[in-house]
Amino acid sequence: MTDVLTEVVTPAWLEPVRRAGAERFEQVGFPTTRDEEWRFTPVAPIAQTAWQPAPGVVEGVTRAQLEAFEFGHPEWHTLVFVNGAFSEALSSMDAIPETVRVASLAEALRDGSGNGPADVAVLEAHLGRHAPVEASPFVALNAAAFRDGGFVHVPAGVELERPVHLVFVTTAEAEGTAAQLRNLIVLGRGARAAVVESYVSLAPEGRSFTNVVTEVVADRASWLEHTRLQREAERAYHVGFTHADQQRDSHYRHFSMQMGGALARHNHHVRLNDEAIETLMYGLYLTRGEQLVDNHTAIFHDQPNCNSWEVYKGILDDRSRAVFNGKVFVQPAAQKTDAKQTNRNVLLSPGASVDTKPQLEIFADDVKCTHGATVGFLDPVALFYAKSRGIPAAEAQRLLTYAFAAEVVDEVALEPVRAQLNRLVLARLNGEA
Amino acid sequence: MLEIRDLRASAGDKEILKGISLTVNAGEVHAIMGPNGSGKSTLAQVLAGHPAYEVTGGQILFEGQDLLELEPEARAQAGLFLAFQYPVEIPGVSNAYFLRAAYNELRKARGEEEIDPMDFMDLLEEKLQVVEWGPDIMSRAVNSGFSGGEKKRNEILQMAVLEPKLAILDETDSGLDIDALRIVAAGVNKLKRPDHATIVVTHYQRLLNYIVPDVVHVLANGRIVKSGGKELALELEARGYDWIEEDAAAAGAPAQVEAGA
């Protein structure tokens, strides 16, 4: 893996983060299925491959090729990264308000991205401070090796009108390579923004590895709509770790879609650091073939009077597998917590399977916490109902599956993204994508 | 239109229909009554092809076609409609989308083109009047969060749009207050046509005050034990079901007595 560690930008203040990551990874190495957190998800195919560093921006990628991944809104603040490196030519950075930063992290680290000391202060305060290297060997590896990613800073009181879209594209040239990506999204007090992360591929047969860590900071009374779309090639490997820290009165709404990857793992941790915080997490995973998609979420209720609401749904076909682990920790101080977690899975094929584990650890007594998990086939009576109206069996199955997905897709706040996701789900169910 | 010959059906190991024969002609309304557990809802569901039941004997001819050979969707395309006793909720699919999909499938089966969405809206507007509803209901998810009465009205709306040759109403009156009952019954009456037929499955006579049957059949223990005119329903209302079952047992010709029973 040492090759991956080249070409990184490291200001002096970042050195301890890099070092801690490297040391930690040296110490623990890749996880195995003996590790409780990785019990159902063998990462041997990642660990045993001699990945080369991602080649970065290559010739021939055009804006037109990326249109399919946009949401019909090229004017959104769009940062495009090709094979792990920022491409200014493919990005769209018009009309970013003066006080707001939407920039390549590597560039910001290199020169303060023109904003000098102000950027450095934000970076130094937050980069590597929220996703601890102890959280996962992949976070440690990433801390040591990350090269680029999106840096979004919306300062206090600013409402960012246009959504930010971070697009991570893998091309055929990335075959056999690994990209280490790091995103930092910081919202100041009362700031509002929508950020979309897209992991996409121009090489449907490509075999590459993406290891990404996203740190999110939502200061007091901020409002963040955060969407994450993982649509990598179905032979690719994707490991992601997102950590969000929320402060008092903040509102964080997350939607996560996973449909790519031979093996795709996403950890999403959210810490509710103060009172009156709202956290909404929705997820959808669509798998087929031999895919394995794993979602681990953890919500830390540290303080009283907060609400978290989580719904993850899976649709599994062929011999694919899914893992869901949803932890909710309610600390003794976190009285009046209202937390609800749901994981529902539909199997479209008898060969598909799901390991689901809701895990509530509650140390406060005056709380309302519920969870539920289901795995099953489509309801035969509902199928019969649709068929009894003249809708053929295959179409009835598609209709009900689509309806199952729509319940979470409908929660995507940005209409163009929601519409695109609906089209994606339909196309997948029709066998077109 | 419909000819049922010695129909037998089971759920699991339990035989529920034990030899039902029944003929329904175009233009007729048949009521099927009977005590709980008599098999009347099973009969309705077997006609529509419910997967929970296995037909173990007999025949069903619908306009000369062997109905048992057809999948549920093909039965619907042939013109059969079951108004469910417990309509299914489909969160995530709008009523309008569902109904248009169904309507287009029936058109496709007849070799017609899909309807223009705007034309469908016009059609809906007209059909909504049958159940005295405004357009708001169409953007709600199918039966999702509907009250019991709304679900039954929605079944009649579907029936109005799909215009089946044979409509089977499975306990459509159960759980309805008097206003909803009136609306539902009026809807069914508005849809009556001389070339179509209706089977009304009900426990109570109440619905038959509104939808007047030509023939009333009484089911008990999986068999039709008595058939008569609409006055039979009134008699049942007055006297209950016990006398019918006793009469049937007393008069039971050997052929109607179950072996070992």
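The buried residues of H9(A), helix H9 (residues 415–429) of chain A, pack against strand E8 (192–201), strand E10 (223–231), strand E12 (251–258), strand E14 (278–287) and helix H8 (393–409) of chain A. Contact here means C-beta atoms, placed from the backbone, within 7 Å; helices (H or I, at least four residues) and strands (E, at least two) are DSSP runs, numbered from the N terminus. Among the buried residues of H9(A) are A:Val417, A:Leu421 and A:Leu424, buried meaning that 20 or more other C-beta atoms lie within 10 Å of a residue's own. Just after H9(A), A:Gly431 has a positive phi of about 75°.

The model is predicted: local features need pLDDT of at least 70, side-chain atom pairs count only at pLDDT 80 or more, and totals for chains, interfaces and linings use all residues. Residues are numbered from 1 along each chain as its sequence is written, with chains lettered from A and ligands numbered from 1 in the order in which they are written.

In chain A, the axes of helix H1 (residues 15–28) and helix H6 (residues 137–145) come within 7 Å and cross at roughly 140°, the axes being lines fitted to C-alpha atoms over the stretch in contact and the angle, from 0 to 180 degrees, lying between N-to-C directions. Residues of H1(A) including A:Val17, A:Ala20 and A:Phe25 meet residues of H6(A) including A:Pro137 and A:Leu141.

Between the chains, 22 residues of chain B are in contact with 18 residues of chain A. H3(B), helix H3 (95–109) of chain B, gives the most to the side of chain B that touches chain A, with five residues.

Terms used: Two residues are in contact if their C-beta atoms, placed from the backbone, lie within 7 Å. A residue is buried if 20 or more other C-beta atoms lie within 10 Å of its own, exposed if 12 or fewer, and partly exposed in between; C-beta atoms are placed from the backbone.
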